Amino acid sequence: FIAGFLGRGRILSERPAIRSAVISFFLVFILSAAVLDTCSIFYMTSTLNAGSILAVYIAGLPNNLGNALASAICVFLLVKPLIRALDRMKMKYDIKY
């Protein structure tokens with residue numbers, strides 16, 4: 001959803017691929033931390049306090065970094081072929097946005 005808005009504004013593009021990879025890294029890192037770690041807080045703790053919330057977010061940090069790094073590497077490697085394929089489909093089916 002967010003990538004669609006960024007692609008439409010030409011923020012995500014194949015040139016340079018590193019920009020798309022960095023954006024992907026931060027989006028996945030922030031969104032996965034927000035969803036997964038918040039779910040873990042409600043699942044694992046019986047009382048909500050600052051210490052338990054901080055502990056869950058710190059414990060989830062390595063996992064979130066790994067997910068974000070894997071996403072950035074995949075985007076860096078696949079953004080050029082994917083954008084080219086989407087551009088061919090837009091030309092073939094005369095899609096304008």
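**View 1. Contacts of Asn-64 in a predicted model.** Beyond its neighbours within four places in sequence, Asn-64 is in contact (heavy atoms within 4.5 Å) with Phe-29, Ser-32, Ala-33 and Asp-37. Asn-64 sits in helix α3; helices are DSSP runs of H or I, at least four residues, numbered from the N terminus. Its relative accessibility is 1%, so Asn-64 counts as buried (buried is under 20% relative accessible area, exposed over 50%, partly exposed in between, with a 1.4 Å probe and protein chains only). Asn-64 and Val-28 are 36 residues apart in sequence, yet 7.9 Å apart in space, C-alpha to C-alpha.

**View 2. Helices α2 and α3.** Helix α2 spans residues 17-44 and helix α3 spans residues 50-92. Their axes come within 7 Å and cross at roughly 150° (axes are lines fitted to C-alpha atoms over the stretch in contact; angles run from 0 to 180 degrees between N-to-C directions). Therefore α2 is roughly antiparallel to α3 (angles over 145 degrees). By class, their contact has 20 nonpolar, 9 polar and 1 charged residues (nonpolar: Ala, Val, Leu, Ile, Met, Phe, Trp, Tyr, Cys and Pro; charged: Asp, Glu, Lys and Arg; polar: the others, Gly among them).

**View 3. Two cysteines.** Cys-39 is exposed, at 52% relative accessibility. Cys-74 is partly exposed, at 44%. The structure holds 0 disulfides (pairs of cysteine sulfur atoms within 2.5 Å).

**Notes for the views.** The model is predicted: local features need pLDDT of at least 70, side-chain atom pairs count only at pLDDT 80 or more, and totals for chains, interfaces and linings use all residues. Residues are numbered from 1 along each chain as its sequence is written, and side-chain values use heavy atoms, leaving out hydrogens and water.

How values were computed: Helices (H or I, at least four residues) and strands (E, at least two) are DSSP runs, numbered from the N terminus. Angles under 35 degrees count as roughly parallel, over 145 as roughly antiparallel, 65 to 115 as roughly perpendicular and the rest as oblique.
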